[in-house]
Amino acid sequence: MKPVLISLCAGALVFTLRFLAALLKEGKSMSPRPLTVYFANFNSTRRRGELINMNSKSCVHKAAETGKRAVFILVAAGLLALPLHGQPTLDDAPASVSGSTNQPTAAANLQTQQEIIQELAAMKKRIEQLEAELKSRTESGTTTTNVSLTPIVPATAPPLSVTAPSAAEAQAVRDSSTAASAKPEKIEPFSDWDWTWLNGNPRNKDTAFDSKFFTPEIRADITYNYDFNKPIDNSIGGSSEIFRANEIQLEQLGIGGDFHLDNVRARFMTQFGMYSATTPRNDPSPAKGQWDLDTADRYIAEAYGGYHINALNGINVDAGIFLSYIGLFSYYNADNWAYQPSYVSSNTPWFFEGLRVQIFPTPHLKIEPWFINGWQSYGSANSRKGLGGQIKWTPRPWVNIISNNYGLGHDDLYIPNRGRIHTDNSIEVKYFDRPGQTLDKMAFSFTGDLGCEFGPSTATLAGVSCHGDKKDALAAPSANFPQGGIDPKQSFVGYMLYNRMWFKKDRFGLTVGGGQINNPGRYLVLDPPINGETAPSAAINAPYFTGNPGDPFKAWDSSFTFDYMPRQWLTFRWEYDYRHASVPYWTGHGGITPPGPGGVPYTNNGYPEYFACLNGNSSMQETLGAAETACGSPGSTSSVWFPDLRRDESIVDIDILVKF
């Protein structure tokens, strides 16, 4: 009986150990993915089951508990087996009493017990290894398993205790999910497509540095211009981008950026360099009143503050100095396809000062009304302010449409009854885009402008008309209409067309373009800086290049631009420009600077509104006859100084443009 009991116990122990080992092995071999367990709860009325997803994190705890229970059962089984092995029975007797017939059986039993002990030791060792591995996997959080279980519920299974959500709750969840999926997130306007190819737009695809509060921006524009007219005073006129000949000049050093926090926004950008002198001189408004506005603002290209309203796709309200983009080209040359733009861009405003509202009804449409001091002015030349606005529409990633319009303002200094209207319209089309090819991109831009000035004659002021030469009984005789009685036509018509090609993943760029204008009355022709002439002094009198009603001016130009762009922050540019005017306008070899006091050559005498004498003095006269007398040669121009103006100009410029 004893051998039988021993055999049964040993077999049971081995079976238990093998079962536990298999159980642990099965737990270990399960895939380390989240376990998703489903229960079915049937609705007794509709017989429709609903799946309820249980928390899969509980599987980690259960796996660890399984290992602990296995070890506990193993130890308990060993403890129970040992007393059973040592407990005496009715048939149990010392070997000396049982006789020789029991010795083989005892030897066999002893061998069996030794084998069991060895197997038990091996199993313990294996279980310890499994337990240690299971513990380490549990601590690292990788013992969760993801077993895709198909919910199987027997027909006779009783209802589970887990209660399904009510119909109202389920419907609310479905409604909220539908509403969330039906309402896409709003995107920043014009941010879902790549617009770095646009003329007048920065070509940076990345931001060099950004933070929650401030995004800095740094610009450097250095240029060398070779003028084939070789002016001896190194002065170039008729441009808002090129100013000095045969010299290396800092065009602009811009330091600034954008502030943004809690919907409050602000931006500023400096303009150290040539821009700080050349841009303010084209604004006549600082001559009215006190406080020297051009000095106060000359080192600021942009400066405004405002607020962003979370309505539609965004609304911005800004006040201060902001760029206008009339004429498509940017005020910053690094953003443009060419360095010297045509007249419809170079002769129209680069900035406004006032209030603007940017409304974005869609991510691809901007409506921007302006209430401003005037036409590119820090102040108001007269009492009436200007109104205008911009509409920008990008219906496709390859087309950009812009319309700028201006009106109402009275912008001619000392002529308070003369109004101005202007429309500027552009389209840009990217008609070829093959990023993997040598010639990877091609695009063109076209801009057309129309404008005019209007206002009747008075006893002291000359009138002008938008619709041709208009009869006016109050019109006094003038240089162009000696008989009087006519308000001359004062208008602006112009266009420009540019085509650009990109090569080798936008590393190289080639632009060909030009334009043409007709501007009778010359009210948008840039005053040549003869003897230091500025817009305020020209409003009093411009003796050498007049701007009288009816004065003709027609011009055209062309340019060829090659860009090397090794980095998105850097452009090396080579450009050739040819410009022609119907009247002498461009600086010739003799220059546009008279001798100064005492005969010092090439020095302004400080009186640009009067004729200058060859001896360096000012005649202090606005008419030529009176100047001849004042300069000492009555009836002769021999003692009167004149600038050297030409009808043609050819320039090569080499530029380094940096924008971070």
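## Terms and basis of the model

In this report a residue is called buried when its relative accessible area is under 20%, exposed when that value is over 50%, and partly exposed in between, with a 1.4 Å probe and protein chains only. By that scale Arg219, at 4% relative accessibility, counts as buried.

The structure is a predicted model, in which local features need pLDDT of at least 70, side-chain atom pairs count only at pLDDT 80 or more, and totals for chains, interfaces and linings use all residues. Residues are numbered from 1 along each chain as its sequence is written, and side-chain values use heavy atoms, with hydrogens and water left out.

## Nonpolar cores

A nonpolar core is here a set of buried Ala, Val, Leu, Ile, Met, Phe, Trp, Tyr and Cys residues joined through side-chain atoms within 4.5 Å. The largest such core has 58 residues, and those with the most contacts inside it are Tyr331, Ile517, Ile530, Phe545, Phe553 and Tyr585. Helices (H or I, at least four residues) and strands (E, at least two) are DSSP runs numbered from the N terminus, and among those that each supply at least two residues of this core are strand S6 (300-309), strand S7 (315-323), helix H8 (343-346), strand S8 (351-362), strand S9 (365-372) and strand S16 (491-503). S16 gives the most to this core, with four residues.

With contact taken as heavy atoms within 4.5 Å, and leaving aside residues up to four places away in sequence, Phe545 touches Arg522, Val525, Pro528, Ile530, Phe553, Val583, Pro584 and Tyr585.

## Strand S9 and its partners

Two strands are said to pair if DSSP finds at least two bridges between them. S8 and S9 run antiparallel and are joined by five bridges, forming a hairpin with two residues between the strands, and Thr362 has Leu365 in S9 as its bridge partner. S9 also pairs in the antiparallel sense with strand S10 (residues 386-396), over eight bridges, and there Glu368 stands opposite Gln390 in S10.

The covered face of S9 consists of Lys366, Glu368, Trp370 and Ile372, whereas Leu365, Ile367, Pro369 and Phe371 make up the uncovered one.

## Salt bridges

A salt bridge requires a side-chain nitrogen of Lys or Arg within 4 Å of a carboxyl oxygen of Asp or Glu, and by this rule the count comes to 19. One of them joins Asp335 to Arg219, with the closest N and O atoms 3.1 Å apart; this pair links distant parts of the chain, since Asp335 is in the loop between S7 and H8 while Arg219 is in strand S3 (residues 214-227), 116 residues apart. Asp335 counts as buried because its relative accessibility is 4%. Both residues belong to a network of salt bridges that links Glu217, Arg219, Asp258, Arg267, Glu302 and Asp335.

Lys441, which counts as buried at 7% relative accessibility, forms a salt bridge with Asp506, the closest N and O atoms being 3.0 Å apart. The side chains of Arg244 and Glu247 also meet in a salt bridge (2.9 Å, N to O), and Arg244 counts as partly exposed because its relative accessibility is 27%.
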